[in-house]
Every structure is written in C-alpha cells, then in structure tokens.
Amino acid sequence: PNTGVEGLDERISGCISPQLSYACRYVYRHLAEPVVTQSQASGDLLDALRAFLPDKVLFWLEVLSLISKISESVQTMSIVAQVIAVGILLFPCRTTH
C-alpha cells in the first residue's frame with residue numbers, strides 16, 4: 001500500500017498538481033458530453049481514447065491511487081466502454097487502426 005512509502009505525501013504534492021488531480025478525477029464528466037451531442041466529436045474522442053488507453057491508462061490509474069481516489073476509475077472506465085461501443089457503431093473504420 002501507498003501508506004508505507006516514506007515521504008510520499010511530499011512527493012505527491014510536489015509532482016501531482018491540482019490541475020492534474022482534477023483532470024484525473026473528473027475526466028468522466030468530459031468524456032460523456034460528446035458521445036450523444038456531436039458525432040464528429042465522438043469520432044475524435046474515440047481516436048483520442050485509442051491513443052490514450054495503451055500508453056497512458058496506467059499513469060492515470062497510478063495518479064488516482066496516489067491521491068486515494070482509485071474508486072473513481074470505475075465510473076470513468078464504464079463511460080470509456082460506452083464511448084467505445086458507440087464509436088464502434090458510428091465509426092467502424094476508426095476502430096480498425
């Protein structure tokens with residue numbers, strides 16, 4: 001567990017800005033918006049998720065873990081799954097890259 005790491009609070013406050021913390025915690029609010037409202041935005045979001053998931057998702061989870069908000073990843077990943085499902089239906093050619 002993170003609680004056993006000496007000096008972790010100082011490291012967290014020095015490396016995880018309030019902006020990064022906010023972005024990691026509340027990304028789900030921004031993910032859900034374009035899915036229904038704008039098809040092009042949904043396609044762009046699908047492309048962004050395809051770029052993010054393989055390379056950055058573990059960093060995102062690590063930040064959530066370090067700020068003791070890992071439980072918030074469940075809601076976000078549920079929305080990500082919905083975005084991908086909608087994206088596959090709307091943009092099948094974008095899912096084959």
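User: Which helices each supply at least two residues of the lining of the largest pocket?

Analyst: In this predicted model, the helices that each give at least two residues to the lining of the largest pocket are α2, α3 and α4. The largest share of that lining, 5 residues, comes from α3.

User: What volume does the largest pocket have, and which residues line it?

Analyst: The volume of the largest pocket is about 160 Å³, and the residues lining this pocket include C24, L31, F52, W60 and T76.

User: Where does T76 sit, and is T76 buried or exposed?

Analyst: T76 belongs to helix α4, which covers residues 72-90. T76 has a relative accessible area of 2%, and because buried means under 20%, T76 counts as buried.

User: OK, what is T76 in contact with?

Analyst: If we leave aside its neighbours within four places in sequence, T76 is in contact with V27, Y28, L31 and W60.

User: Changing topic, which residues make up the largest nonpolar core?

Analyst: The largest nonpolar core has 9 residues in all, namely L8, I12, I16, C24, V57, W60, V63, L64 and I67. As a general point, nonpolar side chains tend to be buried together in soluble globular proteins.

User: And what does C24 contact?

Analyst: Apart from neighbours within four places in sequence, C24 is in contact with W60, V63 and L64. There is also a second, separate core of 8 residues, which includes Y26, L45, V80 and V83.

User: What about S21, where is that, and is S21 buried or exposed?

Analyst: S21 is found in helix α2. With a relative accessible area of 18%, S21 falls under the 20% cut-off and is therefore buried.

User: Which residues does S21 touch?

Analyst: Not counting residues up to four places away in sequence, S21 touches I16 and I67. The C-alpha atoms of S21 and K69 are separated by 9.5 Å, although these two residues are 48 residues apart along the chain.

Definitions and conventions
Residues are numbered from 1 along each chain as its sequence is written. This is a predicted model: local features need pLDDT of at least 70, side-chain atom pairs count only at pLDDT 80 or more; totals for chains, interfaces and linings use all residues. Side-chain values use heavy atoms; hydrogens and water are left out. A nonpolar core is a set of buried Ala, Val, Leu, Ile, Met, Phe, Trp, Tyr and Cys residues joined through side-chain atoms within 4.5 Å. Buried means under 20% relative accessible area, exposed over 50%, partly exposed in between (1.4 Å probe, protein chains only). Contact means heavy atoms within 4.5 Å. Helices (H or I, at least four residues) and strands (E, at least two) are DSSP runs, numbered from the N terminus. On a 1 Å grid over the protein atoms alone, a cavity is a set of points where a 1.4 Å probe fits but cannot get out, and a pocket is an open set with protein on both sides within 12 Å along at least five of seven lines; lining residues have an atom within 4 Å of a point. Grid points are joined across faces, edges and corners, and a volume is the space filled by probe spheres set on the points.
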